[in-house]
Amino acid sequence: MPLPATRLATDAGATLADRLADQWRRAGATEVRHAADLTEVAALADAATGPVIVSGADLVAHTAVLRHLLTSPVGPTVALVLTDPAGAGRAAVREERGQVVAAGTPTELTDAATGIFGGALRVGVADLPALAAAARATGADGLPGADGLPGADGPAGADGLSAGPEVDRLFVGLTALGTLTFAHRVRLLVAHRVTDPAELAAAEAAVAGVDEDRAELRLSVKEKDDFFTTYFVSTWSPYVTKACARIGLGPTSVTMISVAFAVAAAVFFAVGGRPALVAGAVLLYLGFVLDCVDGQLARYTRHFSAWGGWLDTMADRAKEYVVYAGLGFGATAAGFRYGWALAIAAMTLQTVRHMTDAWYGVLHDEAARRPKPATGGGDGGIGDRLNAASTRVQADTGSLSYWLKRTVVFPIGERWALIALATALFSPLVALVAVLVWGTLAFGYTGALRTLRARWMWVPVLDTVDATLHRDDGPLAGRLPALRPVGPLVLAVVGALGAAGLLAAALLADPTGLAADPTGLRWAVPVGLLVLLVAGLGAGAAHNGPLDWLVPAVLRAAEYLFAIAVGVVGGVPAWLIFAYVFVLTVHHYDLVARLEKRQAAPPLHGVTLGWEGRSVLLTVASIAGIAGIGLATLGSYLLVVFAASVVLAWVVLPARAARTPADAVPVGGRSPL
């Protein structure tokens, strides 16, 4: 680095560059090298077999800042982003939803800059070729141009970066190549880039003025959480997090304990009686506290893993639905005929909501990577105005509008608080009704606003992934002709309406609820199946409409409604219908969790038969008069397949990969500086 800052003497006597190298070693980098120029950086990137940290030598920061960047779970490639004023030769950054969407000089980004590059980035294995290409292009002819190729007419000579640190030019070059980079912000801790002794002294004083461990404990709490979690959990959960770290409990162990608390709460809800209901409410609250602690403990100890993230997502949903089962059993035992029906409705509603939440998040992330060009007057219609209003509210942290927006969507903290209070003060029946009412209103509110915003963004997402996988199509859907002019969303809605119609007919024919076999409807099930299979006609069509991100959620709703209808028509016990739908939700949450954690498809996904294959089997069972046996058998089969898939994905295949010779990329390869 041809900067005087790299040769500055620190308060310990070492040069700034040497001290920073030592900090990177303490942060966890397994191999640290001083690169003479970007050509050497390119060679290191070519040879590396694991993530690579590229850092300038003008950075003064807590070692924890470096460790957090090195272990950040948000994505494979992460850049340190600071709020310092942009100095000469320093790259400015614009980020949206935590993603770096543009990098350049402050003049180029004008008022759109949200920070400056902090002089350090971690590059994932898949992005190492892009790092090498950017290093060679930047080192040879300046920055890559818009076409990704070096050129003397590019911004190197005119943007003010040419005289600055090479790491800034490298970062801008990597961004110009379209590399998906996430922003790592510094909170509570200290990080500054310096150029002279005065700035160095000021930065060192700022570092010394912050208790690193205390700040890390506070950082373990999410920066923006929901109202109940913020004021009734996070005010004291860090003490539990600290205690867990001291006794050696890991995040996975805490997750398992929280599951046990939720199961115990469900048992108390099922038993009934005021003491049991109050005890269940207390256990549910404590289980939710531990549910927060497992994430805080992972952030505090920096113990992140794909397995832990997947398990946390799956455990959250399983716990909630086990509680619904306890409430349904308790309401039924207390004499309410439709207790299990309410539990089934609550689980179905919440699952479909989560599916829309997950895919809207994917949509929003994709929109951030591909921002819409500004219109002539800057007015993109109602979607543009809604987007601007949402941004303003989210920025007004702590205001009444901010908390209303976060609460009205009925997040998990508010759901568990409502269940605990309603059950302890009233009954399981009141709790289920309250969850259904608030959940339905929240679904309507978020659905309407997201639909308007999605039409404005017009960013397809299902065509960026394996649509067959996330539709959960089986072999039959793949063989159906594609009805392209209609569109996959309309076809999915038609299928869902057919299933809903069959369920409505069954319920009307059986006014006593989920108990008896409604006569005369067994042969209506094949008709409902034919309507449901209309959704399969969209499997081969392009999923690039502005609302096609809703297709997975609609297909989930269609399959659940059809399975429930088969159960009602066949007089299947309500608890068995609940159990079957529960297994389906586990299967579908596995797909969503893998999407969110950027994991591959489940190893045994091909033998899960697809939504249409399972529906065909249930139809055959219904016609044969063995709907209960069909639901039990198929549910057991799916559960066994899910368990086997989990063992394969998280135990067998990783062990096999670990025994593979070094031509495969290890998970924790060397991290040269």
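At what angle do the axes of α14 and α24 cross, and within what distance do they come? In this predicted model, the axes of the two helices come within 10 Å and cross at roughly 10 degrees, where axes are lines fitted to C-alpha atoms, for helices over the stretch in contact, and angles run from 0 to 180 degrees between N-to-C directions. α14 and α24 are therefore roughly parallel to each other, given that angles under 35 degrees count as roughly parallel, over 145 as roughly antiparallel, 65 to 115 as roughly perpendicular and the rest as oblique.

The model is predicted, with local features needing pLDDT of at least 70 and side-chain atom pairs counting only at pLDDT 80 or more, while totals for chains, interfaces and linings use all residues. Residues are numbered from 1 along each chain as its sequence is written, and side-chain values use heavy atoms, with hydrogens and water left out.

**Overall makeup**

The chain holds 26 helices and 8 strands; helices (H or I, at least four residues) and strands (E, at least two) are DSSP runs, numbered from the N terminus. Of its 673 residues, 53% count as buried, a term that means under 20% relative accessible area, with exposed over 50% and partly exposed in between (1.4 Å probe, protein chains only). Among the contacts in the chain with a separation of 6 or more, 82% come from residues 24 or more positions apart, contact meaning heavy atoms within 4.5 Å.

The contact between α14 and α24 includes Trp340, Ala343, Met347 and Trp359 of α14, and Trp575, Phe578, Val581 and Tyr589 of α24. Its residues divide into 17 nonpolar, 6 polar and 1 charged; Ala, Val, Leu, Ile, Met, Phe, Trp, Tyr, Cys and Pro count as nonpolar, Asp, Glu, Lys and Arg as charged, and the others, Gly among them, as polar.

For helix α12 (residues 274-301) and α17, the axes come within 8 Å and cross at roughly 165 degrees, which makes α12 roughly antiparallel to α17.

**Nonpolar cores**

A nonpolar core is a set of buried Ala, Val, Leu, Ile, Met, Phe, Trp, Tyr and Cys residues joined through side-chain atoms within 4.5 Å. The largest one has 113 residues, and those with the most contacts inside it are Tyr324 and Trp549; its largest share, 15 residues, comes from helix α14 (residues 339-369). Apart from it lies another core, of 28 residues, among them Val81, Leu121, Leu131 and Val167.

Not counting residues up to four places away in sequence, Tyr324 touches Ala343, Met347, Ile419 and Phe578, among others. Valine 323, placed in helix α13 (residues 306-333), is in contact with Ala262, Ala266, Phe269, Leu284 and Ile419 when neighbours within four places in sequence are left aside. The C-alpha atoms of valine 323 and valine 263 are separated by 6.9 Å, although the two are 60 residues apart along the chain.

**Individual residues**

Most residues other than glycine have a negative phi. Lysine 222 lies in the loop between α8 (212-219) and α9 (227-232), and its C-alpha atom is separated by 8.9 Å from that of glycine 295, 73 residues apart along the chain.

| Residue | Relative accessibility | Class |
|---|---|---|
| Phenylalanine 410 | 0% | buried |
| Valine 323 | 1% | buried |
| Leucine 609 | 28% | partly exposed |
| Lysine 222 | 49% | partly exposed |
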